[in-house]
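Please keep the sequence and the 3D view open while reading.

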Amino acid sequence: MTRTLLRIAAKLAWVAVVFFGITVISFWVIHLAPGKPTDLQTTLNPGASAVARERLEKIYGLDQPIHVQYGQWVTRMARLDFGRSMSGDSRPVWDKIAERLPLTFGMNIVSLFLTLAVAIPIGVASAWRQGGAFDRLSTVVVFVGFAMPSFWLALLLMRQFGIVWPVLPISGLTSLGFAKLGFWDKTWDLCRHLALPVFLYTFGSLAGMSRFMRTSMLEVLRQDYILTARAKGLPARTVIFRHAMRNALLPVITILGLSVPGLIGGSVIIESIFSLPGLGQLFYQAVMSRDYPLIMGSLVLGAVLTLAGNLLADAGYGLADPRIRQSGGGAGAQSGGQLEAASAATSDAASGTTSGEPSAASSGKEGA
Amino acid sequence: MSARRRRPLAPPSWLERYGMLGLGLLLVGGMSLAALLAPWIAPFDPNAINVDALLLTPSFAHPLGTDALGRDVFSRILFGGRVSLWVGFVAVGISTGIGLALGLIAGYFGGLIDEIIMRLVDVMLCFPSFFLILAVIAFLEPSLTNIMAVIGLTSWMGVARLVRAETLSLRGRDFVLAAKVAGAGPVRIIVRHILPNALAPVLVSATLGVAGAILVESSLSFLGLGVQPPDASWGNMLMDGKEVLEIASWLSVYPGLAILLTVLGYNLLGESLRDILDPRLRR
């Protein structure tokens, strides 16, 4: 019990440190631009008037010393007060972000389930017959999947299903006259608009997830208890589903948490290609118009979501694997805990460098 | 799926062992050669606008057609390849340099230094890197130098972790102790004894990193925040292609194919290097 408490305390300390780091780096990004941030806004954004500039000077407390500015900025962030957007409507940044979140979340969650539903069977089947025809075929597909830029695939699909064989809408979230439709027609309309984007999200994570599942499954299949199970004469089905797969699924929990930044990054491209009003498109528009408070708000939010994803994965792993609950104390107290160990093997993909299995996580393809 | 029919780990055939390496080398070599020799093999000036040849379909004169400004797509792909490879190499050079330095320091000295560096890695990994890159590019100008620097500065964490782990395991080895006893200072031990032994996985990760950097650069250019027109890059060619998707499909096919093949080549090369350099990981 004390071990668990210690582990939780260590984890909280880690979160505090990382959160502090996130705010420092974000704050540093603001000051990256030459001159005052307000200069940048007013010269590059013609929409910002002298009044806006004055207001900004005040909001950012630019007459204060830098550590005071930082303190004020963090305090406002903590209250979800990201300031107001620089674009024409001048609405609070948080409101603009909040109304965009459901779509991006929704698409990601749907595609996450689709990814798991497809990737787990592929990974299990490839591992069960390592080197077999299916394994070889899926390896080829995985390599091509890793190299496929999602925006290119998007263009090809838009052409195929929007122009050559026009069965799907290729832009926006709803058709004209959406408001007049009944509930089921509305749902159908939404599904048609989201089919291609969700497919692209899924495809983007599929290669990494199935490869990861395969590696994990291979690892488990080498264990003695699998040999025992087979020696007992259990049918293959029982060995795979009861003995092997349940254990092989554990690391997938971690990879799910680690794929958050990749999914957030990927939403920029997919949402701007298909003109979908989600967080990614909002961020892209903010970058293009240099809507500075909006950029900072999204950046911090993205990092915090990633942090939350890591924590959830960590907690999920602990819940799912009794070995960690019982023995994780020692390792956990050190610093990052279980996630540290698990992510060491996989997070390389998050940075795009990949050193695990062929780019172990979906995040390797982030932004591509 | 009967267990009896399941083959034990069959020894890889010749094709399996060298096919991946061969294909990777072929793709990487071919693309690099094409990019290097672009000024000599490109049939047209990549930026020359020709109003008499707008959106021509692929033909003998223009093997991959022309774009909306009458520029030769084949020539632009060749020159775009120069940009992609250059960005890939420089960005990976930056990230590998930072990752190596921080990883070696963290792993060798341990303690507080290690703690600080590793927490920095954790923090950097929390940013969706594409968001961070876009945010920085929004504040700076989207120039080639900035893109390379930003990609490099946001992708060193994997290398740092890798090198740190490697250093930790090498630090206690006998040859390091021997060097210490012989009176070698930390710098000498790190540079002469640890670094050479930690290079293999770094090489693998750098090769795969080039693929990643090329994907990020082309995504940025596709969004209009990377290589700026009129200069060609595979990403901004696809951006142009999107505008005329309905009438000129070749514009959105070939540049993407170039990205796919190049990235595939580097991934294959990286994976084969891993197999060759580290037989323990061979499955």
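α6(A) passes α11(B) in a right-handed crossing, where a crossing is left-handed if the near helix is turned anticlockwise from the far one by less than a right angle, and right-handed if clockwise. This is a predicted model, in which local features need pLDDT of at least 70 and side-chain atom pairs count only at pLDDT 80 or more, while totals for chains, interfaces and linings use all residues. Residues are numbered from 1 along each chain as its sequence is written, chains are lettered from A, and ligands are numbered from 1 in the order in which they are written.

**Contact between the chains**

- Helix α6 (residues 133-147) of chain A packs against helix α11 (residues 250-277) of chain B at an angle of about 120°, their axes being 8 Å apart; axes are lines fitted to C-alpha atoms, for helices over the stretch in contact, and angles run from 0 to 180 degrees between N-to-C directions.
- α6(A) and α11(B) are therefore oblique to each other, given that angles under 35 degrees count as roughly parallel, over 145 as roughly antiparallel, 65 to 115 as roughly perpendicular and the rest as oblique.
- From α6(A), Phe143(A), Val144(A), Phe146(A) and Ala147(A) meet Leu260(B), Val263(B), Leu264(B), Asn267(B) and Leu268(B) of α11(B), two residues being in contact if their C-beta atoms, placed from the backbone, lie within 7 Å.
- The contact of α6(A) with α11(B) comprises 8 nonpolar, 1 polar and no charged residues, where Ala, Val, Leu, Ile, Met, Phe, Trp, Tyr, Cys and Pro count as nonpolar, Asp, Glu, Lys and Arg as charged, and the others, Gly among them, as polar.

**Chain A: overall features and confidence**

- Chain A has 16 helices and 0 strands; helices (H or I, at least four residues) and strands (E, at least two) are DSSP runs, numbered from the N terminus.
- Of the 368 residues of chain A, 46% count as buried, a residue being buried if 20 or more other C-beta atoms lie within 10 Å of its own, exposed if 12 or fewer, and partly exposed in between, with C-beta atoms placed from the backbone.
- The mean pLDDT of chain A is 78, with 79% of its residues at 70 or more; pLDDT is the predictor's confidence in each residue, from 0 to 100.
- Within chain A, confidence is highest in helix α5 (residues 93-128), at a mean of 91, and lowest in helix α16 (residues 338-346), at 38.
- Over residues 328-368 of chain A pLDDT stays under 50, and for this stretch the model has 165 contacts beyond four places in sequence. Where pLDDT is low, the predicted coordinates should not be read in detail.

**Chain A: local features**

- Helix α13 (residues 279-288) and helix α14 (residues 292-320) of chain A have axes that come within 8 Å and cross at roughly 140°, which makes α13(A) oblique to α14(A).
- α13(A) passes α14(A) in a left-handed crossing, and the contact is made by Leu279(A), Leu282(A), Phe283(A), Ala286(A) and Val287(A) of α13(A) with Leu294(A), Ile295(A) and Ser298(A) of α14(A).
- By class, the contact of α13(A) with α14(A) has 7 nonpolar, 1 polar and no charged residues.
- Helix α11 (residues 250-258) of chain A is mostly covered, with 8 of its 9 residues buried, including Pro251(A), Ile253(A) and Leu256(A).
- Ser275(A) lies in the loop between α12 (260-273) and α13 of chain A, has a positive phi near 50°, and counts as exposed with 12 C-beta neighbours inside 10 Å.

**Chain B**

- Chain B has 11 helices and 0 strands, and 50% of its 283 residues count as buried.
- The C-alpha trace of chain B spans about 75 × 60 × 40 Å along its principal axes.
- Helix α10 (residues 234-243) of chain B has 8 of its 10 residues buried, so it is largely enclosed by the rest of the structure; its buried residues include Trp234(B), Met237(B) and Asp240(B).
- The cover over the buried residues of α10(B) includes α7 (150-164) of chain A together with α3 (73-109), α9 (186-222) and α11 of chain B.
- Arg173(B), in the loop between α7 (157-171) and α8 (174-181) of chain B, is partly exposed, with 13 other C-beta atoms within 10 Å.
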